[in-house]
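Please look over the sequence and the structure shown here before reading on.

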Amino acid sequence: MAKKSGKHKSANPELDRVTVQCIEKVAGTVLDTIQKKKQPELSFPVRSLSNVDYDAKKGFFELGDSVSTRTLTVNSVKTFAQTLKLMGLSKQMVEEDNWATKREAYYVSKNWKEARFLEQPESDTVMDDIEAMFSLHGVTREQLRFVPDEHGGAVAGELTVIDRDPTTHEPIEIDCTKFGTGAYSIPSSVEHLKFRTNAKFILAIETGGMFQRLQSNGYPQEAHCIIVSMAGVPTRSTRRFLRRLSDDLDLPVYAFVDCDPYGIANIYRTLKVGSGNAAHINQFFCVPRARFLGVTPQDILDFKLQDATHPLQEVDEKRARDALKNDPFFKKNKAWVKAFEQMLTMKVRAEQQALTKWGLNYVIENYLPRKLKSPATFLP
Amino acid sequence: MTSTVAGQRGLFGEEAGAAAAAGPRDGASLKKGAGGAAADGPAEKGGDTAAHRLAAKQREISVSEFFTKNRHLLGFDNPRKALLTAIKEAVDNSLDACEEAGILPDVRVEILPTPRDDRFRVIVEDNGPGIVKQQLPHVFARLLYGSKFHVLKQQRGQQGIGISAAAMYGQLTTGKPLSVISRIGKKHPAWYVELKIDTAKNRPEVLREMETDWDKEHGTRIELELEAKVQKGKQSVDEYLLQTAIANPHVRLEYKDWDGQEQVFDRATKTLPPQPTQIQPHPYGVEVGMLGGMMKTTEAKKLAAFLKSDFSRVSPRVAEEICELAKVSPDARLSGLEAEQIERIHQAMSQVKIMAPATDCIVPIGEAGLVAGMKKVLPAELFLAETRAPKIYRGNPFVVEVGVAWGGELPAEEPVRLVRFANRVPLLYQQGACVTTKSVITTDWRNYLLQQPKDALPVAPMAIVVHLASAWVPFTSEAKEAIAHYPEILKEIRLSLMEMGRKIATHIRKTRRAADEAKKRNYIDMFLPTVVAALHEILVLDPPTQEKAAKNLRDILEATRKQNV
């Protein structure tokens, strides 16, 4: 069972009330249908890139209209039972102001006898279904009290995070400049955080190595910015944290990633507009204000990095062409179409670290200052 | 083999001639034999040609030399195989003899250790008709002697090489004689003889001969010592006896191995298979050399009479047509025919339209017998068998039978076990070269819901039994280990395998459906309470509402289950 965290009042009683209402409504409809001797149904939005739309005005991938319906039959009775049980668990956790990670929820099911999940991917899938179903009612997974297992990325720079003590709930102020050579790490749930800052922009960085180089050279203080390490495709909490920073503090977010199809089509695209298979949550978990600082294919020429590149692999080329053909975000952005075509013509990719060719601190002393002179030229 | 025999004419005398004539599978060497026969003519008389000088050097090659050089062809290539071959030849002989005499066979096989661990003693004892005393030495101690060679009839043995080859092998590897006890009836004494083969002359040598006491009323018991290596597994004596039990449900087999372990395969039926009838060769299946040989041994004097009397399906009209096409007079005397004329007659025989041979000479195991045989030794849940209608390859009638044992305790993760028989004799070696294997591999078992790697046997809890019964089984070699790839035979086996495959697929589907059914029925009981409990957790229901929901839910689920079926 999920951890009992105490008797304190929920942080947001109104949201919790809506959440419980939603759960009861779905269950109530199922019961009514059963009592009418009809087969009950549960409907979920289809979660895939084929069912998302990109609206530049809204700035994120939006779920399309495709819906899959799970009708209760003898074949689906097990999953049906599991779905209702997880909803029951959710309601219980809201009432007790508790929460469970995906892994914990999986283990809670071990007490359901035959209906238990055998492997975690099974419970993850059912949980994703429930999340998608409730996203139609504006209820997030966090409100259903299922939280991600992983922490978010590392943060450094001129930022004070106002959190609360996990047991006493006293407010705590965390100064992100006071971590020495370490860094603040984003918690799995960020909804309750408040912020204070003097920074002028946020730099979202692909690799931990680049994050360290900037941090250990005092770059955030010097440039008055907040730096965040994404370590690959950013997790939900990293995305939500960046979104809230950007919204609450009204700051631009600049992405600094490798110049390759993965850095652009996977890391940046997910940061900016969300992902195809989690489109139901994109409205909360993406950063529409994000812009692409670099490394761009043009940077390879402008900064003379040609001899620090690697040839595009077959999988890279496939990913690039796939982005041009199937990704609603890139398809609608001429600048991005051009950038991809340039990369495919050059047939090379460049890592952030390629800049080191001109010296270890070249990125701090030359590259970033030069790029930051004209943010308007950043790719959308 | 045939070529060697043809080259040994002087040595083997009339049997070798017959050997050449009876082996229809190697045309080239037979022609050589026939050519040799022609050389008995004028060229032989006097003169001082190169051939005459060579002739002076040509001498008889001893039987032992012949045997040593050709033992791989006879199944004695190594000590492991030699043990199996010796037992196999003895058991085959016993079964043939019993059946011919109308006796339900009772055969006992023993392998005894000796002080030397590379030698074993083999005893094979049957309740057959016995062998008259005068014939004993010839049957067991003379190569190519026997009653089967000259006969076109479905039998286990074909050449009369086997048992004496075993005796020869024993003698060559251990120096010990073969001993035989045989009794032909209650009123006759049992005789004990010890025999050796005079390897220079291919004649038996009787070392001892005496009357003895024997509790059997009739039967034969042979005992020989040979260089051998014992083993268990796929190509073992155990496996051979087990397979023999499958193909011969009317046989009772007792077996005592070198460790003293006793096994009994009891009879599954008390009905003897009917005796196959002897048939005359069909003109389509005769080689030119064999034709020449037949012309020498026939009692007929004139061509047309010979064709009518010595072949099956040759009516006076057909005989006339052959003669006409060959441009040889029907009244031509056989002894006066030129080699060229014989060639023409042979050619004409294959061109004239002739009725297919009679097929009633083939005696299959039968579907019931095959199933009974499989049930005896295979731990399966489903047994299927099919006996095909007789078909012809090159003038030889044959019958294909296929049996399948499925499921039960048969291993599911291994390639299927293929059990091959020719005239009820298990074939344990050369599986890859056998037409039966090719038939199984070239059948697409995935059509029948089985797994099958490319160019391989399917993987399934299954044993496939293939039996080819024919008056002349086309083996790939004299060791009789694999059946040759005749398209007619391949096709028959595959057709039968496909039929079996369809039945297996039906069975698999039925089993799966039943399991699915049971699972789904189970599903309702398993998960219905969870659904109600979850609804209760969320909505907090009073007991009557819960009961009503449970009842309705069961009705809904039962209805969907029935829709699914």
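What follows is a short briefing, grouped by topic.

This is a predicted model, and confidence in chain A averages a pLDDT of 88, with 96% of the residues scoring at least 70.

**Confidence in chain A**
- Chain A has an average pLDDT of 88, but over residues 1–8 of chain A the pLDDT is below 50, and this stretch has 14 contacts in the model beyond near neighbours in sequence.

**Nonpolar cores**
- The largest nonpolar core holds 104 residues, and those that touch the most other members are A86(B), I87(B), F140(B), A167(B), V402(B) and I464(B).
- Helix α6 of chain B, which spans residues 79–100, gives the most to this core, contributing 10 residues, while domain 2 (67–265) and domain 4 (367–500) of chain B each supply at least three residues.
- Leaving aside residues up to four places away in sequence, A167(B) touches F140(B), A141(B), L178(B), L195(B), I197(B) and L224(B).

**Where chain A meets chain B**
- In the contact between the chains, 25 residues of chain A face 22 residues of chain B.
- On the side of chain A that touches chain B, the elements giving two or more residues are α1 (13–35) and α2 (77–95) of chain A, and the largest share, nine residues, comes from α2(A).
- By type, the residues on this side of chain A divide into 14 nonpolar, five polar and six charged.
- On chain B, N552(B) is found in helix α17 (residues 543–564), and N552(B) touches I34(A), Q35(A) and K37(A).
- N552(B) counts as partly exposed because 17 C-beta neighbours lie inside 10 Å.

**Backbone details**
- Most residues other than glycine have a negative phi, and most peptide bonds are trans.
- The peptide bond from G294(A) to V295(A) is cis, with omega near 5 degrees, and V295(A) has its place in the loop between β15 (291–294) and α9 (297–302) of chain A.
- K327(B), a residue other than glycine, has a positive phi near 55 degrees and is found in the loop between α12 (316–326) and α13 (339–351) of chain B; K327(B) is exposed, with 10 other C-beta atoms within 10 Å.
- N423(B), which is not a glycine, has a positive phi of about 45 degrees and lies in the loop between β12 (417–422) and β13 (425–427) of chain B; N423(B) counts as buried, with 25 C-beta neighbours inside 10 Å.

Key: Residues numbered from 1 in each chain as written. Chains lettered and ligands numbered in written order. Predicted model: local features only at pLDDT ≥ 70, side-chain atom pairs only at ≥ 80, totals over all residues. Core = buried A, V, L, I, M, F, W, Y, C linked by C-beta atoms within 7 Å. Buried ≥ 20, exposed ≤ 12 C-beta atoms within 10 Å, placed from the backbone. Helix = DSSP H or I, 4+ residues; strand = E, 2+ residues; numbered from the N terminus. Domains from an automatic or database assignment. Contact = placed C-beta atoms within 7 Å. Nonpolar A, V, L, I, M, F, W, Y, C, P; charged D, E, K, R; others polar. pLDDT = per-residue confidence, 0-100.
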